[in-house]
Amino acid sequence: MATEASVNPASEYITHHLVHFNNFGEKQANIADFSYINYDSIFWSLFLGLIVVFLLWLAARKATAGKPGRFQAAVEMVVDMVSEQAKGIIHNEQSRKFMVPLALTVFLWVIFMNTMDLLPVDLPGQVFSWVGLAGDHHHRGPLYYHRILPTADLNIPLGMSLGVLLISIYYGIKIKHPGGFVKELFTAPFHAHSAVGVILLAPANFLMNLVEYFAKTVSLAMRLFGNMFAGELVFMLIALMGGAWSGLNALSLSLGIGQVIAGSVWAIFHIMIIVLQAFIFMMLTLVYVGQAHEGH
C-alpha cells in the first residue's frame with residue numbers, strides 16, 4: 001500500500017519545475033487561481049520586453065539609407081511583413097500608425113518569451129544553485145522554485161489578451177463614436193427593422209456581444225498558453241530520461257543518447273511552434289482591432 005513517503009521521483013521532478021516563485025511561497029497555485037503573483041513570470045516577461053524594445057531602438061538608431069547590415073536587414077524584413085499584414089486587415093491608415101509598431105513589438109516579444117523554453121530544463125536551477133539562491137530539497141533557497149517561461153503561465157498570455165481587448169474597445173469607440181459603439185452592442189448581430197423588434201432583441205444582442213468579446217479574449221490567451229505549456233512538459237519528460245543515469249551501463253547510455261536525440265528533435269520542431277504561436281498572436285491582435293473598425 002502506497003504511503004505519502006513513497007513519492008514518485010518523476011512526478012516530484014515535474015511538479016517541482018511547475019511551481020512558480022510567487023507570494024504563496026512553496027505552495028503550488030492552481031492555473032485558474034489569479035489571487036497570487038508569480039514574480040518569476042513578471043520579471044522574465046518585463047526583462048525580455050525591454051530587450052525587444054532596446055533591439056528595435058538600436059535598429060532604428062543605426063539604420064542607414066545605403067546598403068543595410070544583416071541586423072538592419074533582418075529587422076526591416078520583419079517590419080515589412082508586419083506592415084503588409086496590417087494593411088490587409090486594418091484599412092484605416094491613421095490606426096496603422098499605432099498598430100504596426102504595436103503588432104511588431106508583440107510579435108517579437110512573444111518570440112523572445114517562447115524561446116526561453118529552449119533552455120535546458122535544469123539550467124536555471126543549476127545557475128541559481130551556483131550563486132547560492134536555490135539551495136536543495138532540505139535547505140531551500142529563495143529561488144528553489146522558479147520558472148523562466150512566461151507564456152506557460154496563464155497570467156501572462158491572459159494579461160496580453162486583455163490588453164488586446166481594451167485596444168479593440170478603444171478603436172471601436174474611436175471609429176464608431178461612443179453612441180454608435182453602444183448602439184451596435186444592442187442592435188447587432190440580430191438586426192431588427194422596427195422599434196419593437198429592436199427592444200425585444202436588445203438583450204440577446206448585448207449578451208452575444210459580451211460572449212464574443214469574452215471568447216476572443218480567452219481563446220487568444222489559451223491558444224498561446226496551451227501550446228507553450230504542453231511544449232514545456234515534453235521537455236521535462238525528455239529530461240527525465242537523463243535523470244535515470246546510474247553509471248556506465250547499457251541502460252544508462254541508451255537513455256542518455258535517447259535524451260540527446262529526442263531533445264534535439266523536439267527542440268528543432270519546437271522552434272516552428274515558437275514562431276508560429278507568436279505570428280498567430282500578432283495576427284489575431286490585428287484581426288480583432290480590424291474588426292473593431294467594422295460594423296456587424
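1. Of the 296 residues in the protein chain of this predicted model, 38% count as buried. The chain exposes about 16,800 Å², and carbon and sulfur atoms supply 71% of that area.

2. The secondary structure consists of 8 helices and 0 strands. Read from the N terminus, the order of elements is α-α-α-α-α-α-α-α. Among contacts between residues at least 6 apart in sequence, 71% join residues at least 24 apart.

3. The largest nonpolar core holds 48 residues, of which Met 99, Val 110, Met 160, Phe 281 and Leu 286 touch the most other members. Two or more residues are contributed to this core by each of helix H2 (39–61), helix H3 (70–89), H4, helix H6 (155–187), helix H7 (195–243) and helix H8 (250–292). Apart from it lies another core, of 5 residues, which includes Phe 235, Trp 266, Ala 267 and Ile 273.

4. When neighbours within four places in sequence are left aside, Val 110 is in contact with Met 160, Leu 224, Ala 278 and Phe 281.

5. The number of salt bridges comes to 4. One of them joins the side chains of Glu 232 and Arg 147, at 2.4 Å from N to O. This pair links distant parts of the chain, with Glu 232 in helix H7 and Arg 147 in the loop between helix H5 (123–130) and H6, 85 residues apart. Both Glu 232 and Arg 147 are buried.

6. A further salt bridge is formed by Lys 176 with Glu 184, whose closest N and O atoms are 2.7 Å apart. Lys 176 and Glu 184 are both buried.

7. Lys 87 and Glu 84 also meet through their side chains in a salt bridge, at 4.0 Å from N to O. The two are separated by about one helical turn, because they stand 3 residues apart in helix H3. Lys 87 has a relative accessibility of 43% and therefore counts as partly exposed.

8. Arg 96 deserves a separate remark. Not counting residues up to four places away in sequence, Arg 96 touches Ala 86, Lys 87, Ile 90, His 91 and Pro 101. Lys 87, one of these contacts of Arg 96, is the residue that pairs with Glu 84 in a salt bridge.

How values were computed: Residues numbered from 1 in each chain as written. Predicted model: local features only at pLDDT ≥ 70, side-chain atom pairs only at ≥ 80, totals over all residues. Heavy atoms only, no water. Contact = heavy atoms within 4.5 Å. Core = buried A, V, L, I, M, F, W, Y, C linked by side-chain atoms within 4.5 Å. Buried < 20%, exposed > 50% of the residue type's maximum accessible area, 1.4 Å probe, protein only. Helix = DSSP H or I, 4+ residues; strand = E, 2+ residues; numbered from the N terminus. Areas by Shrake-Rupley, 256 points an atom, 1.4 Å probe, with all protein chains shown as cover.
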